[in-house]
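I opened this notebook to keep track of what I look up. The entries follow the order in which I went through the model.

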There are 2 protein chains.
Amino acid sequence: MEKTDRPSHLDAFMAPRSVAVIGASRKRGQGSFNVIENMQAFGYGGKIYPVNPLADDICGISSYGHVKDIKAPVDIAIVATPRDRVPDAVRDCAAHGIKGAIVVPQGFADADGAGKVLQEELKRISRETGIRILGPNTLGVLDAFSGFSSSFMPLKREKAPVGVICQSGVFFVGSAVFTGALGKGIDIGNGCDLDFADALAYFSADDDIRVIFVHVEGLKDGRRFLEAAKEAAKKKPVIALKAARTARGAEAAASHSGAMAGQWEVYEAAFRQSGIVSAQDPEEVLDYTKAFLRLPPMTGKRVGLVTFTGAGGIILIDSLAMVGLEVASLSAATIDAVKALSPPWMPIQNPLDIWPALMKKGMKTVYRVALEHVLRDPAVDGVICIAIAPEIPEQAQLDATDVIRDTAAAFKEKPVVAWLYGPNQRGISEKIEKGGHVVAMPSLPRAARTLAALSRRGQFLRNDEKADMPSLA
Amino acid sequence: MEKTDRPSHLDAFMAPRSVAVIGASRKRGQGSFNVIENMQAFGYGGKIYPVNPLADDICGISSYGHVKDIKAPVDIAIVATPRDRVPDAVRDCAAHGIKGAIVVPQGFADADGAGKVLQEELKRISRETGIRILGPNTLGVLDAFSGFSSSFMPLKREKAPVGVICQSGVFFVGSAVFTGALGKGIDIGNGCDLDFADALAYFSADDDIRVIFVHVEGLKDGRRFLEAAKEAAKKKPVIALKAARTARGAEAAASHSGAMAGQWEVYEAAFRQSGIVSAQDPEEVLDYTKAFLRLPPMTGKRVGLVTFTGAGGIILIDSLAMVGLEVASLSAATIDAVKALSPPWMPIQNPLDIWPALMKKGMKTVYRVALEHVLRDPAVDGVICIAIAPEIPEQAQLDATDVIRDTAAAFKEKPVVAWLYGPNQRGISEKIEKGGHVVAMPSLPRAARTLAALSRRGQFLRNDEKADMPSLA
C-alpha cells in the first residue's frame, strides 16, 4: 500500500520523442513480431535507436551495440531481451538517463519462482534508480494520436476517443470485439511498477479520451485504484471488466499476471461506489463503450418502449426487470395520442404496441407520433425502440430507421436505444447509428443492460454533484 | 386439461393443395400486407381461392363472393376479416368441409372483453364442427420446403432444417436474429385450438426438421406441452425461450397473447426434466440452434482449452464455472506435448496458453499439436479454441482457421467451439464454420454457454437411454 509520488512519465511513454529498442530483432516480415518494423508501419515519427550487439542495421536504421553508445537523449526504452538479461538492461537504461522502460517479455511473476525473483529485482531497480517500468509481460502502449506503439503485434491505427487499460495484449489485438476501437492503450502486464492508478490518472486528464475501459485481473493496491477511478469517473465514464471472478479463474490469474484476484462481490461493491460501470461480460464492454460515446446519461430508471411487436415488448419488460429498470407509467397525453391512431379494442399502455395502428395509418406517421410523445413525456427517462430490419424490398416500407434517427436527434437529452429484428440487423443498425443519437443493440437484453449502464452513470453524477456541494461552501 | 384426440391436420396447414383466403385484400404492393401476393412471391404452387364479395379478381385470380361458391375441394382457409365476422367465416368454412382455418386478425383474448368472448366462440366452433383453428392473432404457418406461407408479412424462403413454434410473428420476421434461419414455422398466436403440443408432435415427426425452437409466453396445458416436448427431445434438440419470466412481463403477456405466464422457476425445472434446452436470452437461441445443427452432444462436462491469450483463458474459466462446466485436468501426454514446445519456465496446464510456444515454433505447428492432443485426451469432453481474427495482412500468419477447422474435422465426436478475437471476427468465424465441425461464438461467455447446452443435451440423451431400458424388458 505504499504511495507513489514519483511522476508516472506516461506522457513520455505514450508520445516519446525518441525510443531505444533493447534486444531489437533482425527478423522481418510476417511472423517476425518486429517492434521496430511495427513502429514504422504504425507511423511513428520520432527517433528510433535499435540496440543489438550482433547487428549493424535494423529495419534500415543503424544499430547500437549498447544503450550507452547512443549519444542523443532517449525518452523511453523498449526491452525485449531474454528474461535473464532484463534487469541489467533496465539498469543500463536508468544509468543512461532514460525515464521509462517497457519490459515486454513473459517469464516473470507469470511463470516460475525464478521469474518472481527477477520481477522483484525489476521493482527494486525502479525504486532505486527512479526509472518507471511498464510490465513485464506487456505489449506496452499504443497511442493512435501520437502515432506511437510498442506492440510487437502489428496493429491498426485508429484515432478513437477510447482509452484501454489492461493486463493483456488481447485487449489491444481484440479491441474490435471488446471496445470497438482503441485510440490509446496501456497494457499494465504484471504491473511491477506502473499500475492501474497511474494509467487512470493519465487518461482522466487526456482530452483525446472520452471513455476509459479497464480490464482487471487482480489489484495490488485496491484503495489507490478506486481513488483514481473515482476521480476519472467524475470526468468521463469508466467501464471495468473484472476477470478472475470465480475461484478457478482467480487461481489461473495468479499464474497469468501474477496477481491476486480477490473476492468478486467486494470488487463489485467498491466499483459501484467509485462510479465505475462494471461489465459482467465482454460484450457489455462493447455495448457500453458505444453507448457512452453517443448517448447522454439517463436521469432516472423509467423506460418508455415503442414496438412493432407485443412479444418483443414482453421480452423487453423481462429484461428491464432483471437489470432494475422500470417500465414507465406513461402520461395520459402519450396514451391518448397513440389511442387515437389505434383500433378501439386495442389496449394502449407501455410498451406501446403500435402494430394495429400502423396497419391502418401507415408506419411512419404512427411511429413518429408515438416516439415523439414518449420522448416528450416527463414520466420517461430513456427510450427503447423496437423495429424491423428489412432486407427484402417488400418489407422496405416498414423500415423505421429515418423516423427513429430523426426523432431521437430532436430530443438529445434522453438516451434512445434501438433493437432491430430481421435479416438486415447489421445494415440497419449501422444506418440508424449514423445520426449519432441512437445506439442499436443486437438483442433486447443487451438493450436493457445498456440503458441500465447509462442510468448508473446518471445516478453517480447526481450523487457526486450532491456530495461535492458541501465542499464548495 | 382436456385431451384432444382429433387429428391436428397440421400436414394440411403446412402443405395445403388448395387454400381459400376469406377477406382477401385488393390492395397490392408495398405496405399492403396482401396474403395472396405474398403466397405467390413465396412460390406457392397449390390452388388459391380469394373470397371477397366486393372483388372480381385478386392478384390475377378470379374471386368468390362466398366460400360456399367454391366448387372444388379446399384444404384450409386463411381468415382475414374484421374480428366480428370471423366466427361466421370459420363456421362457413367448416360447413364447406374445410379441415383447418388460420385466423389472422388481432383483437381477441389479446384485446378487450368482447374479444375474449369472440375467442371463446371460435373455440366452441372448433369443438362442435371439427375444424381445427390456428390463432387467432397469428401469421399462421410458413413452410419453405412445401413453398406455402400464410404470412401477410413478406418473408424469404430458405430451406433450413429449423422448425419454429411461437406466439408471435416476430419469430418469423426476425428469424435471422433468433434462430438464424426458419425452414418451417407455426405461429400459435392466442392458441384457441391448436397448441404447442400439436406443433411439437408435428415437427418431431418431420424429417426436414433437425432442431425445434419454441417461444412460450404462457401455457394452457402444461402437462401436454411437456409430454410432447419430451417425445420430440428424444428425436431432436428442442430449444425453448420462456418469455414473461418476471411479474411485470407476465402481466404484459396476459394482454399480448391472452396467456397466463406462470412461475419461471417451475417452468425451468419442468423444461429440464423434459429434455428441453432452456435459453435465457434470445441470443442463446441463435447460438444453440447453430451448435445443435453442427456439433455432437457433449458426453460430459470437462472442457479443454487452447488459447493464444492467458487473459482470454481466465475469462473463459470464469464463464465455464458460471454455467457448471469443468476445466478438464489434462492427461500427462497432452501436458508433455505442449511442454516440449514451450520455454522451460512456462507453466503448462489447462487452459493451454500456447503463446510462448508459438513465438518460438510457429503458430500452425503449435496449435495443431496442442489441439490434436486435447481432442484425443480421454479427460476432455469438449473443446474451446481461442485464436486471433486478423484483418490486416501483417497478422495473417496468426490466422489459425485452417488448423482448427481441419483438426476438428478429424475428431467429429467431440464438440469444438471457437472464439476469434480481432477486427475480422465475422469473416474468420464464417470461414472456420465452413468445414461444418466447428461453431464460432462472438464472445467467451457465449462459447461456454453453448458447450453447456450441448452438455445438457448429452446428459438428457444418456439418462433417457437408461430410463428407457427397463421398459424394454
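**Helix pairs in chain B**

I began with two helices of chain B and noted that H15(B) passes H16(B) in a right-handed crossing. The model I am reading is a predicted one. I then looked up where the two helices lie: H15 covers residues 363–376 of chain B and H16 covers residues 401–409 of chain B. They pack at an angle of about 25°, and their axes are 10 Å apart. An angle under 35 degrees counts as roughly parallel, and H15(B) and H16(B) are therefore roughly parallel to each other. From H15(B), the contact is made by B:Lys364, B:Tyr367, B:Arg368, B:Leu371, B:Glu372 and B:Leu375. From H16(B), I listed B:Asp402, B:Val403, B:Ile404, B:Thr407 and B:Ala408.

Next I looked up another pair, helix H7 (residues 196–204) and helix H8 (residues 222–235) of chain B. Their axes are 8 Å apart and the packing angle is about 15°. H7(B) and H8(B) are therefore roughly parallel to each other. The crossing of H7(B) and H8(B) is left-handed. On the H7(B) side I found B:Phe196, B:Ala197, B:Asp198, B:Leu200 and B:Ser204 in the contact. The H8(B) side includes B:Arg224, B:Phe225, B:Ala228 and B:Ala229, and also B:Glu231, B:Ala232 and B:Lys235.

**One residue in chain A**

I picked A:Ser18 and asked where it sits: it is in strand E1 of chain A, which covers residues 18–22. Is A:Ser18 buried or exposed? I noted a relative accessible area of 6%, and because buried means under 20%, A:Ser18 counts as buried. Its side chain reaches the backbone oxygen of A:Pro73 at 3.0 Å. Setting aside neighbours within four places in sequence, I found A:Ser18 in contact with A:Tyr44, A:Lys47, A:Tyr49, A:Pro73, A:Val74, A:Asp75 and A:Ile76.

**Chain A as a whole**

I looked up the totals for chain A and found 18 helices and 20 strands. Of its 473 residues, 63% count as buried. The C-alpha atoms of chain A fill a box of roughly 85 × 50 × 45 Å along the principal axes. I also checked contacts in chain A between residues at least 6 apart in sequence, and 72% of them join residues at least 24 apart.

**The two copies**

Last, I looked up how chain A relates to chain B. The same surface serves both copies, since 100% of the contact residues of chain A recur in chain B.

How values were computed: Residues numbered from 1 in each chain as written. Chains lettered and ligands numbered in written order. Predicted model: local features only at pLDDT ≥ 70, side-chain atom pairs only at ≥ 80, totals over all residues. Heavy atoms only, no water. Helix = DSSP H or I, 4+ residues; strand = E, 2+ residues; numbered from the N terminus. Buried < 20%, exposed > 50% of the residue type's maximum accessible area, 1.4 Å probe, protein only. Polar contact = N/O pair within 3.5 Å; in protein donor to acceptor, adjacent residues only side chain to side chain. Contact = heavy atoms within 4.5 Å. Axes fitted to C-alpha atoms, helices over the stretch in contact; angles between N-to-C directions. Parallel < 35°, antiparallel > 145°, perpendicular 65-115°, else oblique. Left-handed = near helix turned anticlockwise from the far one by under 90°.
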